[in-house]
Structure formats: C-alpha cells, structure tokens
There are 2 protein chains.
Amino acid sequence: MIRPVLARALLLAALALPGVARATEVTTGQLDNGMQVVVIEDHRAPVVVHMVWYRSGSADEPAGESGVAHFLEHLLFKATDTMAAGELSATVAANGGSDNAFTNHDYTAYYQRVAADRLELMMRMESDRMNNLRLTQSDIDTERQVILEERNQRTENSAGALAREQMMAAQYLNHRYGVPVIGWRHEMESLTLGDALDFYDLYYSPNNAILVVAGDVEPQAVMDLARRYYGVIPAEDNLPPRERGQEPPQLAERRLIFVDARVSNPYLVRSYLAPERDHGAQQEAAALVYLAELLGGSPFTSALGVALQIDSQTAVRTSAANDGASLDDTTFELVVVPSEGVSLDEGEAALDAVLADFLATGPDAAQMERIRTQLRAGEIYALDNVQNLAERYGAALTQGLEVEDVQAWPDILQSVTADQVRAAAARVLDRRQSVTLWVAASQEEAR
Amino acid sequence: MIRPVLARALLLAALALPGVARATEVTTGQLDNGMQVVVIEDHRAPVVVHMVWYRSGSADEPAGESGVAHFLEHLLFKATDTMAAGELSATVAANGGSDNAFTNHDYTAYYQRVAADRLELMMRMESDRMNNLRLTQSDIDTERQVILEERNQRTENSAGALAREQMMAAQYLNHRYGVPVIGWRHEMESLTLGDALDFYDLYYSPNNAILVVAGDVEPQAVMDLARRYYGVIPAEDNLPPRERGQEPPQLAERRLIFVDARVSNPYLVRSYLAPERDHGAQQEAAALVYLAELLGGSPFTSALGVALQIDSQTAVRTSAANDGASLDDTTFELVVVPSEGVSLDEGEAALDAVLADFLATGPDAAQMERIRTQLRAGEIYALDNVQNLAERYGAALTQGLEVEDVQAWPDILQSVTADQVRAAAARVLDRRQSVTLWVAASQEEAR
C-alpha cells in the first residue's frame with residue numbers, strides 16, 4: 001500500500017494532537033541488537049496493534065531502482081522457511097484480526113490488529129519474515145505484475161496523479177522525494193530478485209527497525225516477548241548512515257503545464273518547499289499547520305475560501321495542505337479549482353492576491369484562536385484510535401523525531417503565535433522555491 | 001577542469017567530421033586486464049597526445065556526493081608512492097609539453113601532449129596514478145577549498161550559470177544529468193577522503209579505462225608499452241554495470257523564472273530532451289545537427305536569425321545547440337535575447353512562431369545543402385588537430401559508442417535528408433519534454 005504523503009491540514013492535525021501522550025502511558029526500550037521498542041498502553045478494549053517500522057522507504061532506494069521499497073513490501077507476504085506464502089494474513093484473518101503494510105518515502109511498516117492474547121503469535125510471524133524470507137524468481141515475476149498494475153490503477157489511469165508526479169519531480173532538484181514511492185514504470189519493470197534481496201538484506205534488520213505495540217498490553221510482557229522473537233536476530237553491521245542527497249538552494253520558480261484530455265475541471269497547484277518537524281525544532285512546522293488552515297481550511301472562514309469561493313466566486317474549490325512529518329524538507333501546497341469561465345491565469349492571480357494580502361496583514365487573531373481550539377478538540381478523536389497512536393510514534397521515529405518530540409507536539413501546537421505564523425509564511429511562500437502546476441484538458445484551457 | 005556539455009552546433013560538427021577516419025589510421029586493441037587501447041597515427045609532426053579516459057563522470061557518482069568525480073580529477077595531481085604532488089605536471093612542462101584533465105557527466109580524462117619520444121615516460125607516470133595514489137587528509141582539506149572556489153568563480157558569480165543549473169535540474173526528472181558536474185555546494189562541502197577513495201578504488205581501474213594515443217607513433221610499439229605499464233594493473237572485479245537512473249516519460253512542460261540583479265540583458269532558453277548518438281543508431285542525432293544549424297546557426301541564414309534578428313528585429317541574439325555526444329538522453333537548446341523594449345513573453349512568442357512555421361514547412365532544400373557542404377568542409381579543421389581526434393575517440397568510447405560509430409559518423413552526417421530533419425524536429429520539439437527558462441534582473445523584466 002502506498003501511503004500518500006500529503007493529507008488535508010486538519011486531518012494531519014487530528015493525527016498529532018495534544019494531550020494524547022499525557023493520557024496514555026508510553027514506555028520505550030531497546031533490544032541488545034539495536035531494535036527500538038515503543039509500548040502504548042490502552043486498556044479500554046482487549047485488542048492490540050502490533051507494528052514493525054523500518055527506517056527505509058523509497059527515498060532510501062538505490063538510484064535506478066525506484067519502487068523497490070514498495071515492491072519488497074509486497075514480497076514480505078511471500079513464503080519464509082516456515083510459513084507458506086499468504087499464511088501470515090490468513091492466520092490473522094482466522095484469528096479475527098486484520099493486517100496490512102504501507103510504504104512511504106521515509107519508511108515501510110507492517111501491522112496486525114488482533115485480540116490482545118494473539119500478540120505472541122504475531123511476533124513469531126513478523127520476526128520470522130524480518131530474517132527468513134525465501135523469495136523465488138516466480139514470486140518476483142508475479143508480484144512485479146501486481147505492482148505494475150497498481151501503478152496503472154493509481155497513476156497512469158489518473159491525470160491528476162500523473163501531473164502530481166511530474167510536479168514533485170520538479171519540486172525537488174536533488175532529493176529523492178522527487179521520485180514517486182511506487183516507482184517510475186521503466187525502473188519497476190526491471191526490478192530483479194537481486195534488487196529486492198539487496199534491499200531486504202540491508203534494511204530489514206533489527207537495528208533499522210522499530211517495534212510499536214499499542215493496546216491492552218503490559219510493557220514488561222511486551223519487552224519479554226520482543227526479546228524472545230526479535231532479540232535473537234543479529235544486527236546488520238553494514239547498515240549505512242541515513243544520508244540522502246539534500247536540496248541545493250532553489251533559486252528559480254518553476255511552472256508546469258500538464259495537458260491531458262481526461263481532466264474534467266482545470267485546476268492549479270502551487271507547491272512550496274517547506275521545513276518539516278525536526279527533533280527539538282518543531283515550532284516552524286507547527287506554525288505551518290495554522291497557515292494551512294488559515295489559507296485553505298474551511299471555505300467559510302479561510303482566506304482563500306472567503307475571497308475566491310464566497311466573495312468573488314472565482315473558484316469552486318480551494319485548499320491548503322502541508323505535511324510536517326517527513327525526514328527531510330517537505331512541501332506546502334495550495335490548490336485552486338477556478339469556476340467555469342475563469343481561466344487558470346485569472347485563478348492564479350486571485351490566489352496570489354490573497355497570499356500578498358495575507359503576507360501584508362498577517363493572521364486574524366480570532367481565526368488563530370478558532371484554529372487553536374479546533375486543534376485541541378482533535379485530541380478526542382486521536383485518543384480514540386489506538387492504531388493512529390501507534391502510527392504517530394512509528395512515523396515519528398522513522399522520520400528523525402524522538403518520543404519526546406511526539407509528546408511535546410500538542411503543547412507546541414497550542415503555543416503557536418500569530419507572529420510565528422507570519423514569519424513562517426514569509427519564509428515559506430518564496431516563489432523561488434515553488435512549483436506552479438496547471439492541469440487542463442487542452443492547450444486552450446491551459447491559459 | 002569542467003568540460004561544458006553544450007557547444008554551438010557548428011563547433012560540434014567540426015569535432016566530428018567526415019573523412020577523418022579514412023584519412024587517419026586507427027588501430028584498436030585490448031589488454032588482458034580489460035583496458036581498451038586506441039592508437040591514431042599522425043606522422044606529420046613528432047608529437048604525441050597521450051590520454052587516459054575513465055568511463056565514470058559525475059552521473060556515476062553516488063547520490064549525495066555530487067562533485068566527487070571532478071574533486072578526484074583534482075586529487076589525481078597529488079602524490080603517489082613514487083611521485084611527489086605536482087611532479088607529473090612539472091615533468092611534462094620540463095619536457096616542453098602540456099597536460100591537463102577534464103570531467104564531464106560521462107567521463108573523466110587525463111592527457112599530456114609531448115614530444116613523441118616521451119611517450120614511455122607519460123605512461124609510467126599516468127599508470128602510476130591509476131593505482132598508487134596516496135591521498136592525505138591535508139590534500140582533501142586543501143583541494144576541497146580549491147573546487148569550492150572554482151564553483152564560486154564559475155557558478156555562484158554568474159547569474160547565467162546558476163540559472164542554467166536550475167534549468168538542468170528541472171529538465172531531468174530522474175537522471176543525474178540534472179546534477180551539476182562541479183557538484184551542489186552543500187554536497188561538495190562535505191566530500192571526504194573516504195568518498196574520494198571509494199570512487200577512485202572502484203572506477204580508476206584498467207577495465208574501466210581507455211588509453212588513447214594519437215600522433216607520431218607506431219601501433220605495435222604503443223601496445224607493447226601499454227602492456228608494460230597498464231597491463232600489470234589488476235582489473236577491478238567489483239566494477240558495477242553502468243546503469244544510471246533513466247528518465248520517466250516527461251509529460252508536463254516546465255517553466256522557470258530566474259531573477260538576479262546581475263543579469264544585464266534578459267533572455268530566454270528553451271531546452272528539450274533529445275536523443276543522443278547511440279551505437280549503431282546515430283541517424284536522428286545527425287538530423288539534429290542540421291536542425292540546430294537550420295534554426296539557430298548564422299543570423300543571416302537560420303530561421304530564428306532571419307525572422308527575429310533581421311526581419312522583425314525582436315532579438316539581438318538567437319542560437320540553437322545540441323550535444324549528440326552523451327551516454328544517455330541529451331538536450332536540444334534554443335536561446336533568444338530579445339531586443340530592448342521587447343518583453344520575454346514577446347520574444348518567446350516570436351520563437352514559437354518560427355518553430356511552428358518550421359514544423360509546418362520543413363527545411364529549405366538550399367539550406368540543407370549549404371549546411372551539408374559546411375559540415376564536409378569542417379573535415380579540414382578536424383584533421384588538423386590530433387588532440388581533437390583523440391578526444392573524439394575517447395569521448396565516444398566512454399559514451400556508449402564504438403570505434404565504428406565514430407568512423408561511420410561523417411557519412412551518416414552527409415546522408416541526412418530533409419525528411420529526417422523534419423521527423424526529428426517533430427519528435428524533439430515536444431513541449432511536454434521541454435523547459436523554458438526566463439532570466440531577468442527583476443520581476444518586472446520577467447514578463
């Protein structure tokens with residue numbers, strides 16, 4: 001499963017909300033072989049979410065092998081020395097649970113959600129495939145077709161997805177975030193058994209992994225089981241330092257025009273390079289959560305919504321999004337879908353007028369408080385979902401953050417000031433670091 | 001020395017002209033360790049050009065280590081077990097010769113031009129530094145400053161060079177041709193002794209090298225010397241297959257606006273992805289040599305020159321260039337410098353009108369013949385320079401061509417038809433695979 005990088009700002013906020021860490025007991029530990037363990041206690045229901053996160057995603061792939069991280073995610077459901085292909089998922093289902101996996105630029109993760117007393121069984125199977133996968137050429141041939149078909153469905157069949165792929169490639173001049181998680185088709189077609197095994201041997205190692213167990217469990221019992229199943233797997237001595245090519249200064253704004261007859265409504269996206277949450281330095285990313293809401297949250301209150309959708313009716317839809325959770329520089333995005341009869345050029349001029357106005361006047365105090373309250377309210381939803389909690393820690397720990405950063409985030413989010421938002425906006429809304437994408441059905445519409 | 005990728009079309013044609021292979025005896029061989037040898041006899045003067053070409057340039061660098069190929073080129077002039085730092089160049093100079101080196105995306109090459117009877121001395125020294133370089137931390141610290149200063153002078157001090165760097169990064173979505181040969185500054189700053197040695201140990205190996213000797217020499221004598229000096233160096237068993245990440249389909253035209261107060265005249269560049277000369281398939285690249293001349297050759301005869309510089313006087317300069325010599329997909333570029341009072345937008349509209357007209361009417365027969373004759377005439381110049389001949393073979397063999405391709409090229413160039421030029425133009429002048437760069441001193445000028 002490909003995990004989309006960007007979600008609406010509010011959703012993201014809900015995934016990372018105040019109070020959670022305080023209301024829930026989080027215990028951390030480390031096995032002798034370097035594997036990190038995070039236990040999140042939640043005794044409301046007798047269920048457990050068992051996840052293993054690897055600090056390796058598509059941005060860690062060797063050049064020319066795009067898609068191998070996600071390919072391997074599929075292959076992890078094949079046979080091991082002691083399990084048949086598909087046996088893990090079948091066992092989970094037979095026990096009334098569910099399981100899946102997902103890959104992003106920064107991580108690959110596997111999880112099962114089962115009755116709490118099935119945790120040991122899950123660990124036995126998950127630890128088995130960390131070390132004992134037995135891939136065959138036939139696995140490769142079959143599953144390569146599957147991921148190519150997945151690319152067909154998700155990307156080739158969607159003008160918007162293709163356009164976004166080209167946009168991201170233009171947004172990043174050097175970093176592999178410009179390469180799609182699913183991979184470039186021509187590179188996917190030539191992925192080999194050797195490519196998959198090289199990635200597996202290097203990265204599927206306890207010292208590159210994080211075990212997250214959330215639910216009706218006791219930390220000591222989890223640690224004991226973890227030691228028994230994961231603790232016996234040897235560390236990988238050759239694990240390289242996690243250094244990906246970083247961006248050079250972006251000095252020239254870029255514009256893309258994507259024409260595809262399948263586009264029903266022309267629209268435009270403006271994407272800016274943006275700072276992500278860093279260990280001990282999350283303030284600017286927190287300000288961007290507000291900025292996204294202020295500019296493109298509700299159509300009835302956000303700057304773009306009010307100006308373009310309500311007042312001038314130049315747009316039928318506007319939005320803003322940013323994803324602060326990322327190991328390296330992320331993006332801040334604005335979308336405008338112009339009303340019928342309004343050109344992309346006019347839509348973009350309207351967008352830029354709103355941005356200029358916002359940069360000049362700064363955020364409205366009442367809006368700041370409304371968003372602050374909204375973010376605090378999100379806590380309730382976040383607490384309610386033990387899987388979201390588990391994902392929050394897993395993602396953070398594979399993206400350069402520590403447990404204390406996850407726990408500090410709600411308070412940081414609550415502490416954001418109007419001045420910080422204004423400063424973040426001034427820094428991030430720099431056209432030289434931006435890409436503007438126009439998507440239209442014809443050259444005539446692309447103006 | 002950074003070897004620029006693009007030169008004016010005519011210059012390139014002159015570097016690869018008809019009849020040369022026939023007028024000059026070329027002998028090839030291979031040592032047991034895999035090193036290729038090319039001997040070009042030219043007995044007009046008692047001089048010899050001795051070159052070693054490595055099939056590794058900046059596009060072969062590991063991600064995150066941009067500039068290491070060129071850095072290593074500098075470091076090759078440091079000490080070996082038996083030579084002091086600088087001794088090789090000093091010895092060449094003391095013998096009345098000259099020497100240098102250059103790096104490109106596809107290769108790194110070293111050469112000396114000396115009296116023919118000094119060939120053995122050159123081989124002794126050049127083979128020594130292929131295998132026995134002894135780099136120190138102090139070499140790294142010093143030479144890193146030198147390449148950073150080189151970047152300052154060539155790139156940071158030049159708005160045009162910075163703009164071109166951003167353009168190339170947008171032209172290539174996936175391939176490392178989008179990374180500058182000199183490197184991104186932030187990556188150059190962190191290049192280490194280990195990075196340099198890793199690149200050296202892997203790529204500076206006889207099975208990754210081509211010896212080209214041109215001048216007043218006998219092939220058998222050259223082979224004997226090559227065996228003695230280069231033949232004793234062990235082959236590198238771990239030399240990887242030369243696969244760089246290739247481009248996905250380019251589906252969205254890109255536009256860049258680069259604003260820098262140092263720009264004196266605003267100008268625009270349109271760059272298209274273009275096919276390069278491939279082994280056994282050079283016809284389309286040959287047609288592009290004509291296309292560049294037809295569109296942007298002489299201001300008095302080319303389509304852009306006549307329309308923009310003479311007739312409408314909308315431009316003070318126009319040009320077209322392409323570099324068919326490249327291992328992977330290259331670019332075809334058009335430049336327009338609008339006249340005073342003509343906006344970039346107007347200049348680009350004038351450019352596009354000329355392209356549309358050319359695509360509709362195709363090349364003028366008289367112009368085709370003029371260029372054909374011009375290309376044939378270039379032979380004289382090419383033959384006259386033994387170093388150019390040597391470079392032609394060295395570059396070709398590091399860029400995926402064989403000796404027979406170099407020898408076939410003049411006839412292929414002469415055989416190009418108007419239909420082939422029209423077909424190549426229709427394929428290459430596809431906006432979806434293009435980048436349009438505007439360079440101006442201010443936002444006001446960039447319109």
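The contact between the two chains takes 27 residues from chain A and 27 residues from chain B, where two residues are in contact if their C-beta atoms, placed from the backbone, lie within 7 Å. Please keep in mind that this is a predicted model, in which local features need pLDDT of at least 70 and side-chain atom pairs count only at pLDDT 80 or more, while totals for chains, interfaces and linings use all residues. Residues are numbered from 1 along each chain as its sequence is written, and chains are lettered from A and ligands numbered from 1 in the order in which they are written.

On the side of chain A that touches chain B, at least two residues each come from α7 (159–171), α8 (185–188) and β7 (252–259) of chain A; helices here are DSSP runs of H or I with at least four residues, strands are runs of E with at least two, and both are numbered from the N terminus. The largest share of that side, 7 residues, is supplied by β7(A).

What joins β7(A) to strand β7 of chain B? There are 7 bridges between these strands, residues 252–259 in chain B, and they run antiparallel; strands pair if DSSP finds at least two bridges between them. Arg254(A), for instance, has Leu256(B) as its bridge partner in β7(B).

Turning to chain B itself, helix α6 (residues 137–156) of chain B and helix α7 (residues 159–171) of chain B pack at an angle of about 90°, with axes 7 Å apart. The contact is made by Arg154(B), Thr155(B) and Glu156(B) of α6(B) together with Ala161(B), Leu162(B) and Glu165(B) of α7(B).

Key:
Axes fitted to C-alpha atoms, helices over the stretch in contact; angles between N-to-C directions.
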